[in-house]
Amino acid sequence: DDLNHFLGTEPGSLDQLCATVRRTVGVRQSYPELQPSFGPTCGCGPGSLRQILQRPQLYDDKYHAQEWSLLHKIYVLLGGDMTSAGVIDIGAGNGSLALLVSALFGIPTTMVDRRCPRKELRAELFVPESLGQLLQRVTCDCADLDTDAVLAALQARGVRRVVVVAKHLCGLGTDLALRWMEALSQRQEVELVGCVVATCCVHKIAKADFANFVEWYRPAYEGSGTLAGRSLESLLSICCRFATWRTTANSATAVTTEDQVRLAEAFEDVIQHPRLMLLQTLFPVSIEVKFVHPDHTLQDRCLVAGFGSSLAGSSSANSGEDIRRFQSFVNGEDDAGFGELVERRIAELGSPLEVMPPNIVSNRFQYDGTAVA
């Protein structure tokens, strides 16, 4: 009822309501229309990452498919060329993804997180010094990230081309990362060739954050939809509150209906829309995909943007043909080159890097703090 009142519509079918929500802000591609983009299915596959990092089995089961997909997207954005390349991982956490980037591609990775994990949980401390030197940790909130310092550190390590990855930043974290990328794109010291942003937790955009969200994105909303003076804050309040229907639908005690999940998808579309619009101002090509099967996470939405270095003869920015070609490269189901790189690196390593935190017991991941079976 609150939503119909805001939209100025009479109660109708669910399809009509979802369409009206999306039309109000000008959503161009809805969640059900997003293409799956899980990475190459040929060759070794996500399970091969176990031969690079040794971790608890259930941890691998949850994260390998996510990491495989993100790693392939970084590879695509760099055009498979690691010369003078580097990655900035915003929201790096324990550093597992960053470690995989450096171990697989042999390039420097800067890990940014507002909290530094305990020493025994920091993946970079479990690896040989030669690999550890490729990893740099910066403990800082993204809102306060010192661009000059980051750029100086990248240049000192020979980085001239960079991809930014941000995986599952809660609440406004994704938007702070996007705004920092916007500032980075204006700098000449390094080339921002692309980004991979797996989004999550729309419901954690708090009421206190609405003012910033509206300030940053109002032009995108009002320039592409039919909002026409209606309160954007009121729409955000509805969308952020009820988007949780989708991501809690599989919990043991959930009473969420299928109709509520479908409506929550539309609410998420409202939040994703201006993010994609921003990326379209920064990069010639930007898309949204489902980056992993929902068996591994219900937070499966991912924004991917870049200069399309693999797209020879690219024409106008974000043209339909460029987007289709870019989508094909990003999906990469038959990308044998990536699989060959993984297999070659596994052979070079000889044995997996053990990043098993000692004396830490995890019931969730059935890890007893000793060793892998």
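The points that follow take up a strand pair, one histidine and a helix packing.

1. The model is predicted, so that local features need pLDDT of at least 70 and side-chain atom pairs count only at pLDDT 80 or more, whereas totals for chains, interfaces and linings use all residues. Residues are numbered from 1 along each chain as its sequence is written, and side-chain values use heavy atoms, with hydrogens and water left out.

2. Strand E5 (residues 161–169) runs parallel to E6 and is joined to it by eight bridges, strands being DSSP runs of at least two residues and helices H or I runs of at least four, numbered from the N terminus. Val164 has Cys195 in E6 as its bridge partner. Because eight of its nine residues are buried, strand E6 (residues 191–199) is largely enclosed by the rest of the structure; buried means under 20% relative accessible area (1.4 Å probe, protein chains only).

3. His168, which lies in E5, counts as buried at 19% relative accessibility. A polar atom of the His168 side chain lies 2.8 Å from the backbone oxygen of Gln299. Beyond neighbours within four places in sequence, His168 is in contact (heavy atoms within 4.5 Å) with residues including Ala198, Thr199, Phe291 and Gln299.

4. Helices H8 (residues 210–224) and H11 (residues 258–282) pack with their axes 9 Å apart at an angle of about 90 degrees, the axes being lines fitted to C-alpha atoms over the stretch in contact and the angles running from 0 to 180 degrees between N-to-C directions. H8 is therefore roughly perpendicular to H11, a term covering 65 to 115 degrees. Among the residues that meet are Phe213 and Tyr217 in H8 and Val270 and Leu278 in H11.

Methods: Buried < 20%, exposed > 50% of the residue type's maximum accessible area, 1.4 Å probe, protein only. Polar contact = N/O pair within 3.5 Å; in protein donor to acceptor, adjacent residues only side chain to side chain. Parallel < 35°, antiparallel > 145°, perpendicular 65-115°, else oblique. Pairing = 2+ DSSP bridges.
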